[in-house]
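Subject: The structure we talked about

Hi,

Here is the structure I promised to pass on. Have a look at it first, and then read my notes below.

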Amino acid sequence: MRKNSWTKLIFVAFILLVMNPLSVQALQNDNNTDNVDHDWMSNEELIQKLNQIEKASSNRVDVDVIGHSHQGREIYAARVGTGDQVLLINGNIHGNEKSGPEALVQMLETLGTSDSTFAQAIRDEVTIVAVPRLNVDGADITQRQNIFSWNDVMNKYPQLNGTTPSWYYSETNGGFDINRDFNPNLSYEPEVADLPGTGADPGFFLTNESRILRNVYLNLKDEFGEVEAFVDLHHMGTPETNKTGEDVTIAIDYPPLGPEDSTKYADWPKLDQDKSKRYALAAALGVKEFSDREEPGVARYLHPEERDLPGQARSSFALNGTATVLFEMPGQQPEYGYDQALIDRVENGLWGIATRMANGSIDQLNGDQFLRLPKYWTERSSDMKILVERFLEEGKIENESAAHSLSIHLMMVNIYEKREEGEKVVKHMRNFKLLLDHQNEEGLIAEDAYNRLHDDADYLIEKW
Ligand SMILES: [Zn+2]
């Protein structure tokens, strides 16, 4: 191409850009993928912020590199406080869930620089160790998994040569869901006979990141005897509560380790689900207490009793005697943009735990009260009955008689659930579905209400 055609082309491009601001933006987005979520801290910004806090804290906050990701990025931890109870907080284990680091930076800033009696009391009574962003490689490209190909796994662990990849490896993304890579046996090393495993099995400590967090945990255990509590910060979808249809603004959970009367974890006598529920309740109370708003969207996170995921960090640590709490914030990145109110909610939940640890009131809470928080999923027919009542109120079910006939079926199912007569539950749920289909054909029920009840009926049929 001759020089003057280049000039002409550049001129045309310039005109297009000036005439059409949209294409300017499109061009910028193409050139700079960070633009998609530029409001959430980059890895560089996070490191800068942590170093600033350490510097401004007059030695109250200690920031350290605790290891490196597979791609060689530094992973940081910050430590503050001199208390003999340890609160370990982990953020961004999923690379596309970025409010954790933001909230932790805010919290560390207060704990590092405030002379208030509030901050001093926490520093005196609790030692807080925060790993704001565990999955630095995933966060860099905003993907759930880390970046660690199966080929690289086999190079690192030659004993795994020729094995099927672990069930939580994503071929598409070339990495692992780090939050399935934990094992309650904290000295576990990958063994070929254990792979690929399932969700109901412990993970294999294949990733640098799970090993780094495990080491932080073990070092604290050495130093303090116990790690009192562990909090893991996440994002999820955007559900609505069953009863009120309110948007869930934070969902909180205790570890998913199957029915409490199961004997599967009999070899782990330190597991204390009630203690985890007390800490989870403290978080929920904190979100409400430290907010100027009413916070009606504080809910429990999805936890039907059969949910059993021992390979999650929180489950593995809970089996070792730590109270563990999960925070799930609505919406993932990059789709869900920066949201200050959401970040503050995470921070407030953490204050709810830290303040109650500091004043010793956390052990006086009633863990069962946690179970009374609003939920957004169906475990039994009574949950579906609550939905029917709300759908009628919202006009999504046309009239009272349609709602009544659905409710009658559900009340019948409820009797059989209580008697544990599975076959009858299934039979009546099938009839319920026929009725639902009929109401749908007659236009008596809105599409979204129909879909929800239909899915929930399938869930119960499957369960029984
Ligand atoms: Zn997550």
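To start with something you can check on screen: which residues in H13 meet which residues in H14? From H13 they are Ala 402, Ser 405, Leu 406, His 409, Leu 410, Met 412, Val 413, Tyr 416 and Glu 417. From H14 they are Lys 424, Val 425, His 428, Met 429, Asn 431, Phe 432, Leu 435 and Gln 439. By class, this contact has ten nonpolar, five polar and two charged residues. Please keep in mind that this is a predicted model.

Now for the geometry of that pair. Helix H13 covers residues 400-418 and helix H14 covers residues 422-441. Their axes are 9 Å apart, and the helices pack at an angle of about 170 degrees. Angles over 145 degrees count as roughly antiparallel, and H13 and H14 are therefore roughly antiparallel to each other.

Helix H13 also packs against H12, again at an angle of about 170 degrees and with the axes 9 Å apart. H12 and H13 are therefore roughly antiparallel too. On the H12 side, the contact is made by Ser 381, Ser 382, Met 384, Lys 385, Val 388 and Leu 392. The H13 side brings Glu 400, Ala 403, Leu 406, Ser 407, Leu 410, Val 413, Asn 414 and Glu 417. These residues divide into seven nonpolar, four polar and three charged.

H12 has a further partner in H15. Helix H12 (residues 381-393) and helix H15 (residues 447-463) have axes that come within 11 Å and cross at roughly 170 degrees. That makes H12 roughly antiparallel to H15. Here Ser 381, Met 384, Leu 387 and Phe 391 of H12 touch Ala 449, Arg 452, Leu 453, Asp 456 and Leu 460 of H15. The contact of H12 with H15 has six nonpolar residues, one polar and two charged.

Stepping back to the whole chain, there are 15 helices and ten strands. The domain assignment gives domain 1 (3-29), domain 2 (43-143 + 204-372) and domain 3 (381-463). The C-alpha centres of domain 2 and domain 3 lie 37 Å apart. Along the principal axes, the C-alpha atoms fill a box of roughly 70 × 70 × 55 Å. A compact globule of 464 residues would have a radius of gyration near 23 Å, and the 25 Å of this chain agrees with that.

There is also a database annotation to pass on. An unreviewed UniProt entry lists residues 39-332 as "domain: Peptidase M14". Over residues 39-332 the chain is 31% helix and 19% strand, and the end C-alpha atoms are 14 Å apart.

Finally, some backbone details in the loops:

- A cis peptide bond, with omega about 5 degrees, joins Leu 195 and Pro 196. Pro 196 lies in the loop between strand E6 (175-176) and helix H8 (208-224).
- The peptide bond from Gln 333 to Pro 334 is cis as well, with omega near 5 degrees. Pro 334 is in the loop between strand E10 (323-330) and helix H11 (340-359).
- Asn 59 is a residue other than glycine with a positive phi, near 70 degrees. Look for Asn 59 in the loop between helix H3 (43-56) and strand E1 (61-68).

Best wishes

How values were computed
Residues are numbered from 1 along each chain as its sequence is written. This is a predicted model: local features need pLDDT of at least 70, side-chain atom pairs count only at pLDDT 80 or more; totals for chains, interfaces and linings use all residues. Domain bounds come from an automatic or database domain assignment. UniProt positions are given in the numbering used here, feature names are shortened, and annotations may be inferred rather than shown by experiment. Helices (H or I, at least four residues) and strands (E, at least two) are DSSP runs, numbered from the N terminus. Axes are lines fitted to C-alpha atoms, for helices over the stretch in contact, and angles run from 0 to 180 degrees between N-to-C directions. Angles under 35 degrees count as roughly parallel, over 145 as roughly antiparallel, 65 to 115 as roughly perpendicular and the rest as oblique. Two residues are in contact if their C-beta atoms, placed from the backbone, lie within 7 Å. Ala, Val, Leu, Ile, Met, Phe, Trp, Tyr, Cys and Pro count as nonpolar, Asp, Glu, Lys and Arg as charged, and the others, Gly among them, as polar. The radius of gyration is taken over C-alpha atoms; the globule rule is 2.2 Å times the number of residues to the power 0.38.
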